[in-house]
Amino acid sequence: MEQIAVADYVHHAENRDISVLTLINDADYKDGLEKMKSDLKVDPYKQITNDFAEVFFISKKL
């Protein structure tokens, strides 16, 4: 987990076509993006917690 600036990530959220954000339904996506933009208007230095995990699978053919 890390703290990230909303301003640094809002452009990623706006580019929904090339991210996992396509998995979120349209209404929830729109609400989340508007929340980010609203937060930036109130506090341009707003930070959020980024909780991200990756899983790597390695297989071996026998």
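The text below goes from the fold to the charged pairs.

The model is predicted: local features need pLDDT of at least 70, side-chain atom pairs count only at pLDDT 80 or more, and totals for chains, interfaces and linings use all residues. Residues are numbered from 1 along each chain as its sequence is written, and side-chain values use heavy atoms, with hydrogens and water left out.

Two helices and two strands make up the secondary structure, in the order β-α-α-β along the sequence. Helices (H or I, at least four residues) and strands (E, at least two) are DSSP runs, numbered from the N terminus. The C-alpha atoms fill a box of roughly 60 × 25 × 15 Å along the principal axes. Of the 62 residues, 18% count as buried; buried means under 20% relative accessible area, exposed over 50%, and partly exposed in between (1.4 Å probe, protein chains only).

There are three salt bridges, each defined as a side-chain nitrogen of Lys or Arg within 4 Å of a carboxyl oxygen of Asp or Glu.

| Pair | Closest N and O atoms |
|---|---|
| K37 and E14 | 3.4 Å |
| D26 and R16 | 2.9 Å |
| K35 and D39 | 2.8 Å |

K37 forms a salt bridge with E14. K37 lies in helix 2 (residues 26–42) and E14 in helix 1 (residues 6–14), so the pair ties together parts 23 residues apart in sequence.

D26 forms a salt bridge with R16. D26 lies in helix 2 and R16 in the loop between helix 1 and helix 2, so this pair ties together parts 10 residues apart in sequence. D26 is exposed at 56% relative accessible area, whereas R16 is buried at 14%.

K35 and D39 both lie in helix 2, four residues apart, about one turn of the helix.
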